[in-house]
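The sequence and structure come first.

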Amino acid sequence: MTVMTHEQQIRLIAAETMGVPVSEVSDDTQITDWRHMTIINDETCIALQINISASDAAQCRTVGDYIALVRGKR
């Protein structure tokens, strides 16, 4: 069993949500669809057992922004 870092888990969740290969997801990847952001946030909160409000998550424009938000909550 491979243990993923939080950043890897977030990138995987983002890739699955946006329907792209994980290799295409970087810190600069834009999250332009609010539905994607909602799903990414919900799935990340469940996976990492954290609580990030939808309004905080909605402020994130890129995967890197969201990773920084998660780091601040850990």
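Threonine 44 is found in helix 2, where helices (H or I, at least four residues) are DSSP runs numbered from the N terminus. With a relative accessible area of 1%, threonine 44 is buried; buried means under 20% relative accessible area, exposed over 50% and partly exposed in between, with a 1.4 Å probe and protein chains only. Leaving aside neighbours within four places in sequence, threonine 44 is in contact with Ile10, Ile13, Gln49, Ile50, Tyr66 and Val70, contact being heavy atoms within 4.5 Å.

The model is predicted: local features need pLDDT of at least 70, side-chain atom pairs count only at pLDDT 80 or more, and totals for chains, interfaces and linings use all residues. Residues are numbered from 1 along each chain as its sequence is written, and side-chain values use heavy atoms, with hydrogens and water left out.

Helix 1 takes in residues 6-18. Its 13 residues should span 18 Å at 1.5 Å a residue, and the end C-alpha atoms are 18 Å apart, so the two values agree; the expected span is 1.5 Å times one less than the number of residues. Just after helix 1, glycine 19 takes a positive phi of about 70°.

The buried residues of helix 1 are Glu7, Ile10, Ile13, Ala14, Ala15, Thr17 and Met18. Helix 2 and helix 4 are among the elements that cover them. Axes are lines fitted to C-alpha atoms, for helices over the stretch in contact, and angles run from 0 to 180 degrees between N-to-C directions.

| Helix pair | Angle | Axis separation |
|---|---|---|
| Helix 1 and helix 2 | about 140° | 9 Å |
| Helix 1 and helix 4 | about 135° | 10 Å |

Helix 1 is therefore oblique to helix 4. Angles under 35 degrees count as roughly parallel, over 145 as roughly antiparallel, 65 to 115 as roughly perpendicular, and the rest as oblique. The crossing of helix 1 and helix 4 is right-handed; a crossing has this hand if the near helix is turned clockwise from the far one by less than a right angle, and is left-handed if anticlockwise. In this packing, Glu7, Ile10, Arg11, Ala14 and Met18 of helix 1 meet Val63, Tyr66, Ile67, Val70 and Arg71 of helix 4. The residues of this contact between helix 1 and helix 4 divide into seven nonpolar, no polar and three charged. For this count, Ala, Val, Leu, Ile, Met, Phe, Trp, Tyr, Cys and Pro are nonpolar, Asp, Glu, Lys and Arg are charged, and the others, Gly among them, are polar.

Helix 1 and helix 2 are likewise oblique to each other, and their crossing is right-handed. On the helix 1 side, His6, Gln9, Ile10, Ile13, Ala14, Thr17 and Met18 meet His36, Ile39, Ile40, Glu43, Thr44, Ala47 and Leu48 of helix 2. By class, the contact of helix 1 with helix 2 has eight nonpolar, five polar and one charged residues.

At 18% relative accessible area, threonine 17 is buried. Beyond the neighbours within four places in sequence, threonine 17 is in contact with His36, Ile39 and Ile40.

Leucine 48 lies in helix 2, which is made up of residues 34-48. Leucine 48 counts as buried at 7% relative accessibility. Apart from neighbours within four places in sequence, leucine 48 is in contact with His6, Gln9, Val70 and Arg74. Leucine 48 and glutamine 8 are 40 residues apart in sequence and 12 Å apart in space, C-alpha to C-alpha.

Glutamine 49 lies in the loop between helix 2 and helix 3. It counts as exposed at 73% relative accessibility. Glutamine 49 has a positive phi of about 55° although it is not a glycine. Most residues other than glycine have a negative phi.

Helix 4 (residues 63-73) has Val63, Gly64, Tyr66, Ile67, Leu69 and Val70 as its buried residues. What covers them includes helix 1, helix 2 and helix 3 (54-58).

Arginine 61 lies in the loop between helix 3 and helix 4. Not counting residues up to four places away in sequence, arginine 61 touches Thr29, Gln30 and Ile31. Arginine 61 and threonine 32 are 29 residues apart in sequence and 6.9 Å apart in space, C-alpha to C-alpha.

Conventions:
Helices (H or I, at least four residues) and strands (E, at least two) are DSSP runs, numbered from the N terminus.
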